[in-house]
Amino acid sequence: MALVFASSLKLGSCISSRRTHQMMVRPVAVSSSSPSYASIRNAPTSSFSFNRWVADLPSKSLNFALSGALMLGLSLTGVGFAEAKVGVNKPELLPKEFSVVIDVAGFLSDGQEKRLAQEIANLEKDTGFKLRVLAQNYPETPGLAVRDFWQVDDRTVVFVADPTFGNILNFNVGESVDLEVPRSFWSRLAGKYGNMFYWKEKGEDASIEAAVMAISNCLREPAGSSNCSEIK
């Protein structure tokens, strides 16, 4: 799988609701020996040094922005590295009818999809914030096609569940959401429910469900200095 790692980037190309930062993009070749999702998923946890593997990557990001689906990822670490994958645009992988949950990877059961869709509908009705969930194994993803399908705007959180490179939780956050929710919330959420040890033990579906509930709880909290201070 070919990847591009960028030391910095212009976020406006990722999604229209993000602030833009004028920066240069530096492509870096990635070795074909990088671990695949299958090798990570099937390896015994005790035999895989997650920390060592992460240290080998050019990016130490917790995957704040969409990883693979909308091409770019923004580092939350402050190190200045960001991760980008080759863009994908496969509208044929979109469902025929509108859905706030798209599971092209098959991580969720029908019942889980329905429960998540109901939680997301209730959240949007109560707060006006839109949460959208895409479960994928890059590069098998509708990718950029979700932007128009979901009418992504500045009140939208796009949550991409993709375990390809270890941490399964990836987020793209609209500007209005960014003003309400501390950025540390997303990194703490990814650290708690997105790490490889969590989803290998409990399943990708458990990570997705836990993350959706944590996001819903956070977005329902009154704005303030201590909002979203806990991952619930």
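This is a predicted model: local features need pLDDT of at least 70, side-chain atom pairs count only at pLDDT 80 or more; totals for chains, interfaces and linings use all residues.
Does T156 count as buried or exposed, and at what relative accessibility? At 1% relative accessibility, T156 counts as buried.

T156 lies in strand 6. Its side chain is joined to that of D153 by a polar contact of 2.7 Å. Leaving aside residues up to four places away in sequence, T156 touches K130, R132, Q151, N172, V173, G174 and V177. Q151 lies in the loop between helix 4 and strand 6, and with a relative accessible area of 56% it is exposed. So here a buried residue, T156, touches an exposed one, Q151. The backbone of Q151 is also worth checking: its phi is positive, about 50 degrees, although Q151 is not a glycine. Most residues other than glycine have a negative phi, and most peptide bonds are trans.

The peptide bond from Y138 to P139 is cis, with omega near 10 degrees. You will find P139 in the loop between strand 5 (130–135) and helix 4.

Now step back to see the chain as a whole. Its secondary structure comes to eight helices and seven strands. Of its 232 residues, 52% count as buried. The accessible surface comes to about 10,500 Å², and carbon and sulfur atoms hold 52% of that surface. Among contacts with a separation of 6 or more, 68% are between residues 24 or more positions apart.

A search of the whole structure finds five aromatic pairs. One of them is formed by F98 and F149, which are stacked, with 5.6 Å centre to centre and 25 degrees between the planes. F98 lies in the loop between strand 3 (82–85) and strand 4 (101–103), while F149 lies in helix 4 (residues 145–149), so this pair ties together parts that are 51 residues apart in sequence. Another pair, F171 and W186, is tilted, with 5.0 Å centre to centre and 50 degrees between the planes. F171 belongs to strand 7 (residues 169–173) and W186 to helix 6 (residues 183–193), so the parts they tie together are 15 residues apart in sequence. Elsewhere, a ring meets a charge: the charged end of R155 sits over the ring of F129, 4.2 Å from its centre.

W186 brings us to helix 6 itself. The buried residues of this helix are F185, W186, S187, L189, A190 and Y193. An α-helix has 3.6 residues a turn, so residues three or four places apart point the same way. The buried residues of helix 6 pack against strand 6 (156–161), strand 7, helix 5 (175–180), helix 7 (196–202) and helix 8. Within helix 6, S187 has a polar side-chain atom that lies 2.9 Å from the backbone oxygen of S184. The C-alpha atoms of S187 and L169, 18 residues apart along the chain, are separated by 9.4 Å.

Helix 8, one of the partners of helix 6, takes us to the last stop on this tour. The structure holds one disulfide, which joins C218 to C228 with an S to S distance of 1.9 Å. The torsion about the S-S bond is about 85 degrees, so the disulfide is right-handed. C218 lies in helix 8 (residues 204–220) and C228 in the segment after helix 8, so the pair ties together parts that are 10 residues apart in sequence. How does burial look at the two ends? C218 is buried, with a relative accessible area of 3%, and C228 is buried with a value of 0%.

C228 has a backbone feature of its own, a positive phi of about 60 degrees although it is not a glycine. Its backbone nitrogen is also reached by the side chain of E221, at 2.7 Å. E221 is found in the segment after helix 8. Not counting residues up to four places away in sequence, E221 touches S226, N227, C228 and K232.

How values were computed: Residues are numbered from 1 along each chain as its sequence is written. Side-chain values use heavy atoms; hydrogens and water are left out. A disulfide is a pair of cysteine sulfur atoms within 2.5 Å. Helices (H or I, at least four residues) and strands (E, at least two) are DSSP runs, numbered from the N terminus. Buried means under 20% relative accessible area, exposed over 50%, partly exposed in between (1.4 Å probe, protein chains only). A polar contact is a pair of N or O atoms within 3.5 Å; within protein, one must be able to donate a hydrogen and the other to accept it, and residues adjacent in sequence count only if both atoms are side-chain atoms. Contact means heavy atoms within 4.5 Å. Accessible areas come from the Shrake-Rupley method with a 1.4 Å probe; for residues, only the protein chains shown count as cover. Rings of Phe, Tyr and Trp (its six-membered ring) pair if their centres lie within 6.5 Å; planes under 30 degrees apart count as stacked, over 60 as edge-to-face and the rest as tilted. A charge sits over a ring if NZ of Lys or CZ of Arg is within 6 Å of the ring centre and within 35 degrees of the ring normal.
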